[in-house]
Amino acid sequence: MEGVSATARWTAAARAVESRRPDALFTDDLAEALAGPEGFARWERYDNPGTTEFLAVRTRWLDEVITRSAHAQVVLVAAGLDTRSARLPWPTGTVLYELDQADLMEGKEKRLAELGVRHRCDRRGIGTDLTGPWDGELRAAGWDPAVPTLWIVEGLLFYLPEDAARALLARLGELSASGSAAAGDLLSHQSMISEFTQEGLARLRADGCPWLWGTDRPEDLLAACGWTVGELRLPGEEGASFGRWPWPPLPRDTTGLPMNYLFTATV
């Protein structure tokens, strides 16, 4: 895997590191095997202050969103090397669709089979191009547009050109039946221009997986794409800390410092 797909190994390594802690926010027993040596090398290369902590908080926050949900079909948009199919409790009858680039999904399926993974829901992996007409492949795998869907958009939007990210969010809304929801994360514009992120951003560019954009007005972005924000949290705020985030939450109007947003939204 190269470029953006290879960052899946990085985040798997970060989940493995969190899982080793005695106070782990979650336990991902498969993360180490899926990350491999490349994943841990990338984790060491990209581990700026707050990065691994944010990935742990994001994972736990989205875990809770999913486990609170009553949706019978869940779609992981850019699933990467996520293993929620095996580690979360799923209500009987839940169908989990995983979308990501074809080479990543092919390699993941092979490795999961080698590890003898048993999934706790009806999991269906789909290799596709998320900047193209991917919903036909989703329908072919059994996804029903008439049934409310929970879309999880994790660690993806800032890797896409802004126009493509907006188009993807809008398409998710267009496809959603009444009662559908989305949850994920967004990068702030301040993260793109802060002096404290430039070294890390340069490493990502050099490795072919640059962060491309961010927004300091996430509510406006989501609204423009047809979504109504339910929750919007900065790491460290109530419900988005879990005792892992090492600093007080930043005021929303802070400039010059990097920030990430965690969101839920409905159509």
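1. The model is predicted, with local features needing pLDDT of at least 70 and side-chain atom pairs counting only at pLDDT 80 or more, while totals for chains, interfaces and linings use all residues. Residues are numbered from 1 along each chain as its sequence is written, and side-chain values use heavy atoms, with hydrogens and water left out.

2. Thr254 sits in the loop between β6 (228-233) and β7 (260-266), strands being DSSP runs of E of at least two residues and helices runs of H or I of at least four, numbered from the N terminus. Thr254 is buried, at a relative accessible area of 17% (buried means under 20%, exposed over 50%, partly exposed in between, with a 1.4 Å probe and protein chains only). Once neighbours within four places in sequence are set aside, Thr254 is in contact with Gln190 and Met259, contact meaning heavy atoms within 4.5 Å.

3. The loop between β6 and β7 also holds Phe242, whose phi is near 60 degrees, a positive value in a residue other than glycine. Most residues other than glycine have a negative phi. Phe242 is partly exposed, at 25% relative accessibility.

4. Ala78, in the loop between β1 (73-77) and α4 (84-87), likewise has a positive phi, near 65 degrees, and counts as buried at 16% relative accessibility.
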